[in-house]
Structures are given as structure tokens and as C-alpha cells.
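Hello,

Here is the structure I promised to pass on to you. Please have it open while you read, and my notes on it follow below.

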Amino acid sequence: MPTSLHLLADAPAQLLPARELMAFTLASHIILVPLGVAFPFITLVMHYRGLRRKDATALLLARRWSAVMAVQFALGIVTGTVLSFEFGLLWPGLMGRWGDVFGIGFGVEAWAFFLEAVLIAIYLYGWRRLKPRTHFLLGLPLPFAALLGAFGILAANSWMNTPQGFSLDSAGNPVDVNVWKAIFTPMFGPQYWHFVVAMIITAGFMVSGVYAVGWLRGRRDHYHRLGFAVPFTIAAVAAPVQFVLGDSIARSVFHKQPVKFAAMEIVWKTDTRVPEYLFGRLQEDGTVSGGIKIPLLDSVLAGFSPDTEVVGLTSVPADQRPTATQATIAHWAFDIMVLIGSALVLLALVYGLIWLRHRRPPASKWFYRSAACAGVASVVAVECGWIATEVGRQPWIVYQNMRVAEAVTSTRSTTLWIMLGVVIVVYMCLFGSFLVVLLKMRTRWRLADEQQAAGGTGHAPEADTPYGPRAPLPAAVSSAAGGAAARPGDGRP
Amino acid sequence: MTADLIAVVMLLAVVAYACAGGTDYGAGFWDLTAGGTERGRRPRWLIDHAMAPVWEVNNVWLIFVLVIMWTGFPVLFQTVFSAMWLPLALAVMGMVLRGAGFAFRKPSRRLADRRLYGAVFAVASVVTPFFLGAAVGGVASGRVAPGTEASADAWANPTSLLFGLVAIATTAFLGAVFLTGDARRFEAPDLIGYFRRRALGSLAVLTALAVITGFVTHEDSPHVWHGLTHGLGLLFVVLAGAASVATVWLLRRKPGTWVRVTAVGVVAAAVIAWGMAQRPYLVPTSLTVADAAGAQATLTWLAIVTLVALVLVLPAVVLLYWLDTHGELEELTDSELRRQGGGTAGDGAAHDS
């Protein structure tokens, strides 16, 4: 306890609200990232299937998904812009000193994102007029632009974890910048692939989860089967890959950021034959309360042998490592992520086995219940992975080179708390509206489908408004120039 | 040398944002002033349709400005964001509300919802450029220097206030000019006159504000005033004036594509004139381009990344604007999100999840 109190007293008052604000906005943005990175890919797979097999249902799904993508992408741009402002508003010290060392990644990301925004606009608005083949081909670069964008962001983040590509002058300022080295840092490769696969899995399970719920509610037509099978299969293929990648990144952390690894596994003293704790709480004196202790396992996982020496938190002075509470947070986040990941791999294996043995999708209610939860679970896993990597790096913003406290803005803490409050309220409204809009779209489509099934015309005039086709307007204009009320198509409910 | 090049790139990114983003904010301005639900329905309809395919792209330019700033000129980034904390924080909140309001207004159908989202979008569209303009004004008037703490004086001063108002007038002008063209493209002849009047009106306001700004900068920011009245700065001021005259002339005739070019020319020339007037400073009289520049290697790479990106992105942007202006891009309607004919193979019950 005394050490953390001491550290807290040293920290400027604005540190806590600044961190909370960054954490909150980033945690919110992260929910949208899997959709931004991998949803276009999944939609294109569905689109391809529709074109290839002349499957109208697949095309319909792709079209509807792209309508969802439009709303989601807009929200992603908005929350992403906030983050780039926060670099200046909250962490001016970070960018002021290190901007020219690691900022280039953001440059790549910005251009890639720009490309993605352009391509998404073309894809979304091209359904009606472009030739099917042209339209699909114009959509094809989308996943690559997304990969390039992820490249930039992950380069920046992995640089913060394992900074290199510069040397310090006598005043402690970076000189002799080597951009190439600063991008391809030791943690870059592991982080990048771990991230990309995580995005594919999460997006796949999120989308298929929607149709799993539909299945559970008795909607088992071709539309729902397809809407479930395509994203779920993509995620199921990626899940075992992630198992291997996740294991490999943990070992990279062990080698490159030993103190972070110690926090994630709550290892207090450097030692061999270190036990693994599932959950549990690290106390200030280094003991662990609660949790399940598995002897030797941590050493075995880190180096394949019980004799592997694992560096402990006490290997560095108290002011250069996460506090006991931070270590516990990182540890729990890490454990939850691993547990969810393992459960998802199991689910994917069940799916694969049933396909191999019976050549049909699973029919068990429990399978679809799990699949419905898998979407939410994978989002939780993504959040946990991010918490583990960020909290585990504390107190550093640039590992071993700059403390979070040195980077923070000098704005008064009251102002930041107020801003945090406003941002929370605004974001709640944003994400609430996002959900409401999605649910409304769903209801509208369902109603339309039911009408169609019932043999109705399905083209009730109000169904095309308020964003109906462009054509009716000029006619209405000439008959009622200037007056809007006469436009028959514009019936607002 | 590379630093100067990157400074020019940054200025051009600001120009792009001022033009593309400005048009976008301007559409929001006219949305706000379009009147009640009934009266404003048609202008709002046009604004929605004209903005939808391109608004996201328009706003990404700002991200470039920020990225070039913190990668190429880290000290500038730190200085501006420390000193201009409040206006920039308010501007980013405005951007959030604006983007969200626009995105959610489109798919929602209840009148109350559309009103709420629309109001949020429109108000934020006016507030955001004001604060961005105020921040720029604070920089131009030399009230900021490396190490300046955030204070009200940095942005609540005559130059900032006027720059804020000029920013709003500029967006309104660009928005109206572009919507005039869109009205023609969407075949809504009544709206052509509607937005043409507004374009002319806002240009008049903009000119008046520009003259007042001239007097104020003379007192308040002598370095910029000197730059604007000499050499390259003066040249671009004259160009901006010529472009405005051309815009008025083109607007009074049948507006075509050229009026967009001249309108963009007005704004671009004005922004470049400001950039030229600041030379050699990024922040007048305290931070030069050379002092603020980041590591040489980074600047070189930033130039390379920009070049490669231009090669990749430019064709895509051109394609987008081309497709957009040729009416190839259209929103999906509900009927297209519905099953066609209900006869898709193997469909039993037609439900949706």
C-alpha cells in the first residue's frame, strides 16, 4: 500500500481523468474496429457467393450488411477523430517529444483509412447503378486498405511497447531517428497478426451471432442459414490460428517486455519453477490471494521447461513497474481473454467436426446458444487483450523511456473530469442510437420480408421514404415547385 | 528543405480540409437555417442526398492535418494543443455530435428523431468551424508560443473571434455554391435559385468580414498583416479577390461546374495567402518551420509516404467524385433491401433476424 500511495501522490492530479478519458474513448472505439477491419471482407465473401452462384439471398445479405456498414463506419470515423485529437488534448508530451519517431505509422494509417473511406463510399453507393462485376471489383481492395490501416496503428502501438529506432541526446531528446527500425519493432509482428486475426474472429462471431439468435427464435430459412454460416465459418477457421498466434505473442512479451509479462502472470520474484495463477489477486507484499494455483505451469508455458526462469515484478524498482492493483487488472484481463479464446476454439472445433461427420450445420440448441454468445464474448476478449497490453505497460507510455505522468496535459483536472462526464453521456447516446438504428433497420427488413411472404405488394409507398429513390422527386417538383407537402413519396410515419 | 516541403504539404492538407470539410459544414449551416420542418424539407432533402456519399471522405482531410503536424512538426502540435485546449476540445465534441447526428438522421424515420438528430447535426456544423477558426486565429495573432499554457486570451481575442466568424461564413459560402450545383444535378430547379441567392449573400458577408479582419489583423497580428500585404501573400490575396469576382459573375449566370472551381479557388487562395503570410513561422514570431521540424529521416519518409499515398488514393478519390457527379452513386432504397419477388430458392418462411 505505501508504495502505491507514494506513486499516487507524485502523479499530477490530471493524470487520472486523462487516463480514464483515453481509456473510455478507446474502449468504445475498439468495439467498432473489428467491424471496420473485417466486416467488409465478410461482406465481400457473401457478395462473391451471391454473384458466383447467382444466389439472390446472398446478394440481399451483402446489400443489407453494407447498409449496416454505412452506419457503423460513420460512427467509427467520428470516434476515431476523437482519438487523434486526444493525442494532443491529453498527451501533448508524448507527441511533442516522440511524434517524429513513431508518428509515421499514423501517416500510413491516415492514408489507408482515407482510401478505405473512399472505397467504402463507392461500394455502398454503387449497388444500384454500377454493373455487378465492376461494383464487386471496386469493393475488392477494401480488405487490403483495412489491413494497411491496421498496419499503421499497430506499428505505433508496438513502438510504444518496444521503442527503438532512435538514440537520446544529452537533453534526453530523440535524435538519429531510423524510421524503418521504429516501425518494425520487436513486438510489431506478433501484435499485428494477433490483432488482424482477432478482428476477423470478432467480426465473424458478431455477425453470425445475430443469425444464431434468429435460428433460436425459429427462423431457419435459407436467408438465416446463410447469414449464419458464412461469417461463422470464417471466424471458425481463424479461431485455431489465433490460438497459435496468441501463444506466440505471449512468449514474445515474455522475451521483450519481461516486466509486463510478470504483471500479466502476477509473478513477484524472479525465479524458476514458477506456478501459474488463474485469476487471484496480487497483494502489495507480493503474495497472491485467491485464484487457482497450478504448479510449474508458468515456467513451462514461457519456455517449455519447469526450469525456465521467469522475471518477476521486483526485478525493477517499484516506480518502474505496474502497481499490484494494475498487475492484477492486467492479469485478470489476460486470463479472461485466454479463457474466452479457448472457449471459442472449442466452439469452432465442434462446428468443424459436425460438418466433417454429418456434412450439415449443427442442429443443437446449445450450439446456437453458444454461437449467439460468441459475438459478445469475442468483443470482451478484444477489450481484455487491449487492457492487458496497456495496463501491463504502466507506468510507461513509451516503455522505459517516458512515463504516462510526463506526457499528460497540464489542463486542470476539473476540466478533464467535466469533459469525461460529457463524453460519457454523448457516447452513451451515440452507441444507444447506433443500436436503436440497427434494431429499427432489422424490424423494417423483417416486416418487409413478411409482407412479401404474405403475398402483399411489398411496395407500400411509405416504405421507400424518406430516403427513397432519386427519380420520383423531379416529377413532384414540377407539379409542386417549392412546396414539399405535395410529394406523395415523402410520407413520414 | 524537406521541412519546407512538408510545411507546404501540411498547408495543402489544410486547404483540402478547408474546401472539402468546409463544403460539408456549410451544408450543415444551410440545414440549420432552412426553417421549420415543412419549409425546410426540400433543402434538407437535397443536403442529405448531396452530402451522403462524400461526407466521410471530406472529413478525413483533418486527420491528415493532425498526422502531418505531429509527425513532421511535433513541437507545433504540442504547442497548439496545449495552448488551444478548450476551443479544440469543443471543436472535437462538435465533430462527434455532427457526424453522429448526420449518420443517424438518415436511417431514422420518426419525425421527432429526425428533428433531434438534424438539429444536433446542424448546430454542431456551425459551432465546429467557429472554434477551429478561433484556434487558427490565436496562432496567427502570435498569442501562442511553445510553452504557452491554455488560457482564454489565446483564443478569446479579436483575431480569433473574427477568424471564427470568417470560418463560418466560408463554410456557408462553399456549401451554398456546391448545393447550387447539386440542385441542378438532382433536377430540383427551385433549389438552384434558392441556394444561388444564399451563395451570393454569404459571399457578401464573407467579403465584409474579410475587410474587417484586415483592419483587425493590422492592429492585432502585425506579422500576418505584413505578410498579407507584401509579396506572395499579397499575390494570393489578389487571387482570392479575383476568384470571388469570377464566382459572383458565374453565379449570376447559369451556374455550372466552373463556379465550384472558382469558389474553391477563393478559399484555397485565402488559406494559402495566410500560410504565405506566416512564413517563415509556423507560429508567428516564436516558432519557425526549421525549429519545429522533426527528425530529418522522418520528414523524408513522410514525404515518401505522402507520395505513395497520393498515387494510391488520388485515383480512388477522382473515381469517387467522378462517379458521384455522374450519378452513378445512389443510396440503396428500402425496396432493394427487400427480397425480390420472394422466390429465392429454398426460402421457406420469410423472416429476418
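This is a predicted model: local features need pLDDT of at least 70, side-chain atom pairs count only at pLDDT 80 or more; totals for chains, interfaces and linings use all residues.

How do the two domains of chain A meet? On one side 18 residues of domain 1 take part, and they are in contact with 19 residues of domain 2. Two elements of chain A, α2 (15–52) and α3 (56–89), each give two or more residues to the side of domain 1 that touches domain 2. The largest share of that side comes from α2(A), with 11 residues. Sorted by class, the side of domain 1 of chain A that touches domain 2 holds 14 nonpolar residues, three polar ones and one charged one.

Now to the nonpolar core. The largest one has 291 residues. The residues with the most contacts inside this core come from chain A, with A:Val118 and A:Ile200, and from chain B, with B:Val65, B:Leu76, B:Leu88, B:Phe173 and B:Leu179. From domain 1 (12–187 + 404–450) and from domain 2 (201–256 + 258–392) of chain A, this core draws at least three residues each.

Which residues is A:Val118 in contact with, leaving aside its neighbours within four places in sequence? They are B:Val57, B:Val313, B:Ala316, B:Val317 and B:Leu320.

That brings us to chain B, which has 13 helices and two strands. Its C-alpha trace spans about 70 × 45 × 35 Å along the principal axes. For 353 residues, a compact globule would have a radius of gyration near 20 Å, and the 22 Å of chain B agrees with that. Of the 353 residues in chain B, 61% count as buried. If you take the contacts in chain B between residues at least 6 apart in sequence, 77% of them join residues at least 24 apart.

One helix of chain B to look at is α4 (residues 74–83), which is mostly covered, with 10 of its 10 residues buried. Among the buried residues of α4(B) are B:Pro74, B:Val75, B:Phe77, B:Gln78 and B:Ser82. B:Leu76 is buried in α4(B) too, and B:Leu76 is also one of the residues with the most contacts inside the largest nonpolar core.

Conventions:
Residues are numbered from 1 along each chain as its sequence is written. Chains are lettered from A and ligands numbered from 1 in the order in which they are written. A residue is buried if 20 or more other C-beta atoms lie within 10 Å of its own, exposed if 12 or fewer, and partly exposed in between; C-beta atoms are placed from the backbone. Helices (H or I, at least four residues) and strands (E, at least two) are DSSP runs, numbered from the N terminus. The radius of gyration is taken over C-alpha atoms; the globule rule is 2.2 Å times the number of residues to the power 0.38. Two residues are in contact if their C-beta atoms, placed from the backbone, lie within 7 Å. Ala, Val, Leu, Ile, Met, Phe, Trp, Tyr, Cys and Pro count as nonpolar, Asp, Glu, Lys and Arg as charged, and the others, Gly among them, as polar. A nonpolar core is a set of buried Ala, Val, Leu, Ile, Met, Phe, Trp, Tyr and Cys residues joined through C-beta atoms within 7 Å. Domain bounds come from an automatic or database domain assignment.
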